[in-house]
Amino acid sequence: MTNNQSTDLLFEISHLGRRCHRLPACDVPEKDATALVPADALADAPPPLTEVGEIDLIRHFVNLSKRNMSIDTNFYPLGSCTMKYNPKRHERLAGLPGMANLHPLQSDASCQGMLAMLWSMQNILAEIAGLDAVALQPAAGAQGELAALLVAAAYNRDKGQTQRTRVLIPDSAHGTNPASAAIAGFDAVSIKSNDNGLVDLADLKSKLDDRTAVFMITNPNTIGLFESQIGEITKLIHDAGGLVYLDGANMNAIVGVTRPGDFGADMMHYNVHKTFTGPHGAGGPGSGPIAVRAMLAPYLPTPIVVKDGDAFKQETNRPKSIGRVRSFFGNVGILLRGYCYIRTLGPKGLRAMTENAVLNANYLLALVKHALDVPHGDRCMHEFVASASKLKRAKRISAMEIAKRLLDFGYHAPTVYFPLVVPEALMIEPTETESKETLDAFAATLLKIIDEDPAFLQNAPHTTPISRPNDAKAFKEPILRWKA
Amino acid sequence: MPYILNTGADVKAMLDKIGVASVDALFKMVPDAFQLQRPLDVPPALTELELQQHMAELAGKNKAADNAVCFLGGGSYDHFVPAVVDAIASRSEYYTAYTPYQAEASQGSLQAFFEYQTLICELTGLDVANASLYEGGSAVAEAVLMAISIDPERPKVLVAESVHPEYRQTLATYLANIQKEIITLPTPNGALDPAALQNHVDDKTLCVIVQHPNFFGNLEDVNAVSRLCKEKGVLFIVSFDGISVGLLKRPGQYGADIAVGEGQMLGTPMQFGGPYLGMMACREQFVRKIPGRIVGQTVDRNGRRCWVLTLQTREQHIRREKATSNICTNQGLFALRTAVYLAALGPQGLKETANLCLQKAHYLADELCKIPGVSLRFKKPFFKEFTVQVPGDVPTLLRKLLDAGYHGGLPLGRWYPALGNCISIAVTEKRTKAEMDGFVAAMKGAIR
């Protein structure tokens, strides 16, 4: 059933003189371009883009799409990414012309419905966070981190606390945490994990002093464990005059059960595309709003939607604001989908979302823990991290082998080799939208793979369009574009 | 519960297997003191039908480009999106996939991104493109972070005041705690004066940033700016318009080192500002400094051509605090849209689109300037957007135009106090002569 209309590149199916889209004739008196713009600004010819007809264009991209796994075609337990179902109603509603065809700079008076939705989203996210104020602007979680750290820096500057130059980050954290800290002008300091996969309090205490600006914590952490010492940790940070930042990557484990603001976080980001299911689009878009305590609110990026009587407006004149982190309002299309998810679930549904995410993860853990080592206990929150290191020693089966072989059975692989603190890590997150049967079948497959011939696994996958690409070659001899 | 498949019997069986008595028991890691003892205070649940009605009601309170003819620009444009773009982007094999970590399960997206990168190289006339950034504003900031990693010692960042104000604000935010000096070069005549630039470019200058065509719609003298940069070994960063290069020289042709741009205009709806995508391309020599995801070609174990994420040693998940950028994803779905859009237009389609924008913008400018009191604010060549001075109070004028059915232009006083009596007007290929004539009549009526 495969055909080379997908594997040939667009440029290889290009045929001089073909085209897909046609433009209307010019309906105003036409002048020569050189009469309108200087000759030295004009190109001799347009860019040498590909030339394809409509049916070839469609076949190419439709056939290509079949070379992807996706949530709509496969169970996708990619840890830390919260690959839950993306409701179809969201796509329809985001495409309503009254939403999709709004210009970002049109007057507030002409987009009151949109602003009402965004205002409501600000309030909902503040309530879920247990924090006071929300800025919806950041385009992704990583940009939310950066924005929040810039808020912390501005706050400290205002308070005369410029000696606070360090951001403390557990070694199990996402790589974006230290990278964001560096761009925000801080020195990133790594905090060890203890044998239970939680923050090593002794190490934290030894590195905590009046240079500490922010402690960034992912809770539940990337191992899928709730930091049971969170109260003690946030008190330690606050006593030292620091701020606590919650990386909200794992909010799917706690929405409606506990609130970051209640356990001591002063600021956080959401990944709306994860927790509230924006389609991930093979890498984006995301949306990374931040929530903060009242004392940090003046520093939030702009604009913020405010309600003035019955009218909504975008407030940009906030003198202490860090400014904006991107053009225009934010990734509104994803915020809108998140809003639709929250409105569909309501208070009870949000709690059920969390409970079933955690139930599904614990159930899957229970199904596989006798065969796969799970270094950090037999309970988890919304995800767990298994380790293939014993298997590797005993049978030369690595996490990568298991991941690749799962593809043969129609499962997307878990996240592998992250977090760095677990050797041969397989990070598994089923989400709440999967059924018990799906989890049973996945677990059975996983157990079956572990018993397979290691030599066979080393060449897996066997049924995918390609197998084991040569990454070293791609790195050493980079080919990053097609050339004639 | 919506989207939850576990029945009561399922839950019981699962709890038995786990070995706990209740779902609540699964949360015992969360200290009691922090457990929320009440339901979240969020609005009640809606069925699909109710949600549809609710969203339709909200949408009905907006005046979209379908309800009022859109002459707004400033980085987001009402260009036409061919149906093929939506048809491909609505395939859920693309939109419900995630970052292609497992190359074997992601060849579709990976190849599409490789094609996108190639198309962006062709569009910019540069050697290397990444798989996209968030949007046009942070793309400028990322370009400067990239310039810093290329040339860490030079302290001065020169940016023309004619660069999109929100892009400049974004740059200032990103560099707030980085020891660099941003110098904004005034553009009172609507574009950067190369002679004035000459006084600022020296061996302490890291980079010069211009937007071409700029925020006012005017063309910059990019050839002269490029020459000055080359003389002093300064990196030349340009924020370009993806449609304009159907007619105008491409960034690589006039010597840009790094080109960035807002990709919205190439096949993505305006959707109130996002999600969009930031295009970025650079010269070959900077390939290991470019931020963001990059897809490369390689072969698999059977020698078959295939695609992978590559050069990841630049990235945050390997380099952590030493990474060039904290960026974690591209805007995959919009890179796909852009690739389909550019392929659908082809060279001829892009040229014709650009020409229609150019012709219609000039027609409208000519017609508007026949109205007493209305005149072009700058004597500079422009592409699809232009700045006019209007009599009277600008907000009142724009309100009247909106009532007459037109999103009439951007009030530039919002960003440039000296231009309080000016609006910028954008004209895409979608605008018909009838719409423009109607707009001119409405403008006459509103001014009278």
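In chain A, three strands form an open sheet in the order E10-E12-E11, and their pairing is antiparallel. The edges of this sheet are taken by strand E10 (384-387) and strand E11 (415-416) of chain A, each of which pairs on one side only. Strand E10(A) is joined to strand E12 (residues 425-428) of chain A by 4 bridges, and the two strands run antiparallel. Within E12(A), the residue that stands opposite A:Ser387 is A:Ala425. The model described here is a predicted one.

Chain A also provides an example of helix packing. Two packed helices are described by the angle between their axes and the distance between the axes. Helix H7 (residues 141-158) and helix H8 (residues 176-183) of chain A pack at an angle of about 40 degrees, and their axes are 9 Å apart. Because of this angle, H7(A) is oblique to H8(A). The crossing of the helices H7(A) and H8(A) is right-handed. On the H7(A) side the residues that meet H8(A) are A:Gly141, A:Ala142, A:Glu145, A:Leu146 and A:Leu149. On the H8(A) side they are A:Thr176, A:Asn177, A:Ser180, A:Ala181 and A:Ile183. Sorted by class, the contact of H7(A) with H8(A) consists of 5 nonpolar, 4 polar and 1 charged residues.

The contact between the two chains takes 173 residues from chain A and 170 residues from chain B. On the side of chain A that touches chain B, the largest share, 23 residues, comes from helix H12 (residues 332-368) of chain A. By class, the residues on this side of chain A divide into 96 nonpolar, 46 polar and 31 charged.

Turning to chain B as a whole, the chain has 13 helices and 15 strands. The C-alpha trace of chain B spans about 80 × 50 × 50 Å along its principal axes. Of its 448 residues, 62% count as buried. Among contacts in chain B between residues at least 6 apart in sequence, 73% join residues that are at least 24 apart.

An open sheet of 4 strands in chain B has the order E11-E12-E15-E14, with antiparallel pairing. Strand E11 (375-376) and strand E14 (410-411) of chain B each have a single partner strand and stand at the edges, so one side of each is left without a neighbour in the sheet. Inside this order, strand E12 (residues 385-389) of chain B pairs with E15(B) in the antiparallel sense over 5 bridges. The bridge partner of B:Glu385 in E15(B) is B:Ala426. Helix H11 (residues 332-368) of chain B lies across E11, E12 and E15 of chain B, and runs at about 10 degrees to E12(B).

B:Val427 lies in the loop between strand E15 (422-426) and helix H13 (433-447) of chain B. This residue counts as buried because it has 30 C-beta neighbours inside 10 Å, where 20 or more are required. With neighbours within four places in sequence left aside, B:Val427 is in contact with B:Phe71, B:Cys357, B:Lys360, B:Ala361, B:Leu364 and B:Lys384. The C-alpha atoms of B:Val427 and B:Asp78 are separated by 8.3 Å, although the two residues are 349 residues apart along the chain.

Apart from neighbours within four places in sequence, B:Ser325 is in contact with B:Glu142, B:Leu145, B:Pro291 and B:Gly292. B:Ser325 and B:Met146 are 179 residues apart along the chain, while their C-alpha atoms are separated by 8.0 Å.

A hairpin in chain B is formed by strands E9 and E10, with 5 residues between the strands. In this hairpin, B:Gly303 takes a positive phi near 80 degrees. Strand E9 (residues 295-299) of chain B is joined to E10(B) by 5 bridges, and the strands run antiparallel. B:Gln297 has B:Trp307 as its bridge partner in E10(B). Strand E10 (residues 305-309) of chain B is mostly covered, since 4 of its 5 residues are buried.

Notes: Residues are numbered from 1 along each chain as its sequence is written. Chains are lettered from A and ligands numbered from 1 in the order in which they are written. This is a predicted model: local features need pLDDT of at least 70, side-chain atom pairs count only at pLDDT 80 or more; totals for chains, interfaces and linings use all residues. Axes are lines fitted to C-alpha atoms, for helices over the stretch in contact, and angles run from 0 to 180 degrees between N-to-C directions. Angles under 35 degrees count as roughly parallel, over 145 as roughly antiparallel, 65 to 115 as roughly perpendicular and the rest as oblique. A crossing is left-handed if the near helix is turned anticlockwise from the far one by less than a right angle, and right-handed if clockwise. Two residues are in contact if their C-beta atoms, placed from the backbone, lie within 7 Å. Ala, Val, Leu, Ile, Met, Phe, Trp, Tyr, Cys and Pro count as nonpolar, Asp, Glu, Lys and Arg as charged, and the others, Gly among them, as polar. A residue is buried if 20 or more other C-beta atoms lie within 10 Å of its own, exposed if 12 or fewer, and partly exposed in between; C-beta atoms are placed from the backbone. Two strands pair if DSSP finds at least two bridges between them.
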